Amino acid sequence: MGGVSLYQIKLYYVFVFLSFIYLLFKFKNNKFSLFIVLLFYNGFFSFIGKDVQNIYRIVLTIITLYYLDQTKSLYPKKNNLFSTLGFVFFSVLFFYSSYLNNDYFFIVFSQYSRYFVLFSLFIIFYKYRYNIKLKQKIEYVVYVLLLVQIALSVIKYFVMGVSESIVGSISSQGGAIATSLPIMGFMFLWMRRDGKFSSKDWLTILGFMFIGFVSEKRAIWFIMPIIFVLFMFYIPKKRIPRKILIYSLFAVPLIFYFGLRFNPTLNPEHAIGGSFDPNFAIDYAQTYMFGAKESEKSGNGRGGATLLLLDKYESDGINQKDWFGYGLRFMYATNYDEFQNLDFGISTKGAATGVFQSYVTGGYLGIFATFLFALSMLVKIKNKRLRYVIIAFFCWEYFFYTGSILREYSLAFLLLYLIIFTDSVADSTKRG
């Protein structure tokens, strides 16, 4: 990490460890709450070491199997048939592609465990979707965990300043989560409060935005205002109280304004507190998404990486590797230089969107299977407008960002909450 010393990183993780101990004691009387806490500490175990992280993932898988057995959720139900078939199809292609490409056991287990935990929790939650006590318990634990992420971001700012890779307790080697986490945190809070925010909630939302700021995220300043408007106006489909309307009319432009001024890459001075120049920010975003025109790579930027896949699919040069991928290790066991030497046609490994990662690991069939699996769960959202918005957000994150929602335990858990526990939102919409 540029500009950050090993001492600063170790000091920061002392606080992460203390937060972990605090949460273990806080929820010591409930095993499932402790399991949720574990899901939000992937970054901590990753920092300790690869071997420890592998043990951590094995433990999560074992705990998931335990809850599948305890809740008698091992056998598919009729109302989950589409989701089950989607996951089975995804699993068959995942293992077949790994076999074809000679991926080693640990990377296959490590990557597959993410999806296994996600689907297993999905079928467990769906079975208990009308259990109010379970919903309230999950809400409280997740709310505390999100507050801890905000607190850790404040500590990070004072310990190491603004830097990208570390995000709370969730990530130690990639900052992209600092875009998705605040947005999904806002969605969670909106659902928990049924769209009615108190002054304390507005401070929490600012805290979510601070997570993105302290990790130098740019996309959040463009996407969050859109999400805010959709959740406050489009989804409720009811008369907005004048107070909320006034707050919203001020909040959305302010988020955009301060985002451009306080993110060094989005203002001409490249400084915190620089000038407000929307044209500069838009030009930067366009270059970031599609790369510089003079670049020799055809897949410039994240948007360019996705367009490259479309162009390749329409060409006549599709082979077995294109259909079934090159293997997990080429995507998840390479550094930036090693990935660059493989020459997949994109400008840098950082430009690999979620869909491009699926292409490298599983080919075009892997893309189809991953998207079908995700869609089979997303269509379970009862509120039609909420379903449209979350599917659109997922598509943006998968096709034009990093695709971390399905792969990161914490984000996947938040997604499950948004999918399953929407009954109160649907009812309030009907009343409106």
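Analyst: Let's start with overall size. This is a predicted model. With 432 residues, a compact globule would have a radius of gyration near 22 Å, and the chain has 21 Å, so the two agree.

User: What box do the C-alpha atoms fill?
Analyst: Roughly 60 × 60 × 45 Å, taken along the principal axes.

User: And how many helices and strands are there?
Analyst: The chain has 21 helices and zero strands.

User: OK, what share of the residues is buried?
Analyst: Of the 432 residues, 55% count as buried. As for contacts with a separation of 6 or more, 72% come from residues 24 or more positions apart.

User: Switching to charges: how many positive and negative side chains?
Analyst: There are 43 positive and 24 negative ones, and the centres of the two sets lie 16 Å apart. The structure also holds six salt bridges.

User: Which residue does Asp103 meet in a salt bridge?
Analyst: Arg329, at 3.0 Å from N to O. The pair links distant parts of the chain, 226 residues apart: Asp103 sits in the loop between helix H5 and helix H6, and Arg329 is in helix H15.

User: Is Asp103 buried or exposed?
Analyst: Buried, because its relative accessibility is 13% and the cut-off for buried is under 20%. Arg329 has 26%, so Arg329 counts as partly exposed.

User: What about Asp322, which side chain does that one meet?
Analyst: Lys312, in a salt bridge of 3.8 Å. Asp322 is in helix H14 and Lys312 in helix H13, ten residues apart. Asp322 counts as buried at 1% relative accessibility, while Lys312 is partly exposed at 29%.

Technical notes. Residues numbered from 1 in each chain as written. Predicted model: local features only at pLDDT ≥ 70, side-chain atom pairs only at ≥ 80, totals over all residues. Heavy atoms only, no water. Helix = DSSP H or I, 4+ residues; strand = E, 2+ residues; numbered from the N terminus. Rg over C-alpha atoms; globule rule 2.2 N^0.38 Å. Buried < 20%, exposed > 50% of the residue type's maximum accessible area, 1.4 Å probe, protein only. Contact = heavy atoms within 4.5 Å. Lys, Arg positive; Asp, Glu negative; His and termini not counted. Charge placed at Lys NZ, Arg CZ, Asp CG, Glu CD. Salt bridge = Lys/Arg side-chain N within 4 Å of Asp/Glu carboxyl O.
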